[in-house]
Amino acid sequence: MYGWGGTILKAYLSDGNVVKDPLNLEFAKGFLGGRGFNSKIIYDDFDPVVTNPFSPKNIAAIGPGSLCGNTLSASRVCVSVARSPITGVFGDANLGSYFGGELKWAGYDSIVFYGKSKDLVYLQIEDDHVELKDAGHLKGKLVSETDAILKEEMNDHDARVIAIGPAGENLVAGAIPLEVHRAAGACGTGAVLGSKNLKAVVVRGTKGAKIARPNELKEAFKKVHKKLLSGPHYPMFSTYGSSALLDLFNEGGMLPTYNWQDREVKGVEQTYSTALKEKYGVKMVACLGCAVHCEHYYEVKEGPYATRGAGAEYEVTCGFGPRAGGVQLDAILYINTLLDDLGLDVVQVSNWLNTLRHWWQDGLIDETDTDGLIFTWGDYEHTIEALKRLAYRKGNFGNQLAGNIISFAQYIARKKGIPLEKLTRYVIQIKGMTQSSGDNRLMGIGAALSHGTSTRGSDHLRGVNTDLWLQQEKPEDIWGIPREVAQHFLDLGLSDPNRYEGKEEYVAFMEDYCAVADSLGICKRHTAWEGMAIGLEEMAEYFNAVTGLNYSWQDLRKCGTRIYTVERAMQARLGLRRKDDYPPIRFFEESVPTGPQKGAVLDRKKYDNLLTRYYKHRGWTNEGIPTEKTLKELGLQDIAGDLKKRKVLKVKK
Ligand code: SF4
């Protein structure tokens, strides 16, 4: 079998057994790898009557993309869980770095975890040797400590580790697994691994990737590499990383500040990527085989926030900078290292703390609700203490917040007699998942719909990041999208970011596109998602050279549609419906207060109509459930039967 490793590992944690199942080639051809494999395996194996995310009956899967371990920047691993502690439904998260390639080189396409270990364990993989081992000595260790200890124990510093930190062990809803500095952010998958008493997976693979047509791959690589480096945003990301978005957004009046209340914050230039690079940047670093190297390795040499680490993406500089009303870059870098070590998700916890600041500003909470901590805008001292209390569930405040910001709102509502809706209105979230640092009122209507309909809750990574990439006159200037599709989008007038009509087609296309990229293991920072060069055509060339198949880009897209539909069916089976597909209420009711787009606000009626058109375009019911016909066209008869059996779909008499 070319491309894939050929084996699915099934780890039964309750009895310590690990079983190797041969990968079914027909399954692989239909679901590609990574996210696609995980989604279908979880759909098939999870019993939806189980409601508690921390039940031993929850399932977690870790799968590398099918192109992982090859020369293209394809290193991404998807970590999925049947029920997320943040959204309560299916969730997943991607991470880049090196682990995915190593897992492929050991010969594995997915690891599925069932049950719960009695004691803390880790999974060790050395090619064919797979063993669950005692992790008692790793209890309470930081992610970086766990990484160092396991490599030392294997006497192999080329081994790759993904681990949870104290937050995952303590079942904090915002906990995530990481490979040192690379995070599988979103959905609290680290807490589910913690609930299974699984501390880490360490892998060393020496078999290499099996390539069907190596010469073809070499030629494809040369072509794609050249295209990638000539892409419009390559210089920015390779020099300044994603933190450059903060500079761009601020200068375009699009930066969310003070929990999306404003556009400005005094001294914001102190958080610019140029300041980061000049004052604290050591070098740029990359995931396996990546020519973009978008990550800073940074060092704060002295002072109370002395630290070193890697990453410093836009989400941390904005989430703990302007969105928190602050501009102290050394403190933000300190927080970045701290979050990576504790195993906490920057997007979720920055939102949680910024919501607390917003409540504090409006007099809804005080020190009696936070064990004495103060939540003013621009504070760093109490923020750092709050993160530690959260990760260790310290005190009543740390313990209450660990459930997530919605459960904390419920606690405050009960305690103070405040109507719950009054508190939750402040939380910028969809399906319980809080939002990254974009603004649904400013990034384009496609991006707003894409966030709303995302299968894992509010998410800029699931489809359209921003409609601004379509603001072109010629299709060849729209990067990463097949020429005929780009022309069609221009013909529909989609270059207007504020247009509602036709955006359903753009969103469905990009959702399928992202499902393909995640399942092949390709970083979306190379693709049309980020206005970059690698598109479905290039992905198909790569996929064919590696696997020996002959897929067109349309074939790949159909796989993306299938994967997205499985996820949608899974969420429908768990109870999600139309009402769960709307952007945060504030974006419909509060307009942008300042800047060049002052007054921008979403229109509920137009959004509602767009949602209806989107469901129709997808072949879903008006409640957002894939119809029997749609499921059958995608070869998902089994899911159609399951949804009918469970009365999610009506049975025709
Ligand atoms: S662009 Fe950045 S995140 Fe993506 S693979 Fe390269 S280094 Fe990793």
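Modeller: The model shown here is predicted.

The domain assignment divides the chain into domain 1 (7-204), domain 2 (235-430) and domain 3 (441-645). The centres of domain 1 and domain 2, taken over C-alpha atoms, are 26 Å apart. Between these two domains, 31 residues of domain 1 are in contact with 27 residues of domain 2. On the side of domain 1 that touches domain 2, two or more residues each come from helix H4 (143-154), helix H5 (166-169) and strand S11 (182-183). H5 provides the largest share of that side, with three residues. By class, the side comprises 16 nonpolar residues, 14 polar ones and one charged.

The sheet comes next. It is an open sheet of three strands in the order S13-S14-S15, with antiparallel pairing. Strand S13 (281-285) and strand S15 (307-311) are at the edges; each has a single partner strand, so one side of each has no neighbour in the sheet. From one strand to the next, the twist averages 15°. S13 and strand S14 (residues 295-300) run antiparallel and are joined by four bridges. Within this pairing, Met 284 has His 296 in S14 as its bridge partner.

Two helices pack on the sheet. Helix H10 (residues 273-280) touches S13 and S14, and its direction makes about 55° with that of S14. Helix H12 (residues 329-342) touches S14 and S15, and its direction makes about 75° with that of S15.

H12 also has a helical partner. Its axis and that of helix H14 (residues 381-391) come within 11 Å and cross at roughly 5°. H12 and H14 are therefore roughly parallel to each other. In this contact, H12 contributes Ile 335, Leu 338, Leu 339 and Leu 342, which meet Thr 383, Ile 384, Leu 387 and Ala 391 of H14. The residues of the contact divide into seven nonpolar, one polar and no charged.

Notes
Residues are numbered from 1 along each chain as its sequence is written. This is a predicted model: local features need pLDDT of at least 70, side-chain atom pairs count only at pLDDT 80 or more; totals for chains, interfaces and linings use all residues. Domain bounds come from an automatic or database domain assignment. Two residues are in contact if their C-beta atoms, placed from the backbone, lie within 7 Å. Ala, Val, Leu, Ile, Met, Phe, Trp, Tyr, Cys and Pro count as nonpolar, Asp, Glu, Lys and Arg as charged, and the others, Gly among them, as polar. Two strands pair if DSSP finds at least two bridges between them. Axes are lines fitted to C-alpha atoms, for helices over the stretch in contact, and angles run from 0 to 180 degrees between N-to-C directions. Angles under 35 degrees count as roughly parallel, over 145 as roughly antiparallel, 65 to 115 as roughly perpendicular and the rest as oblique.
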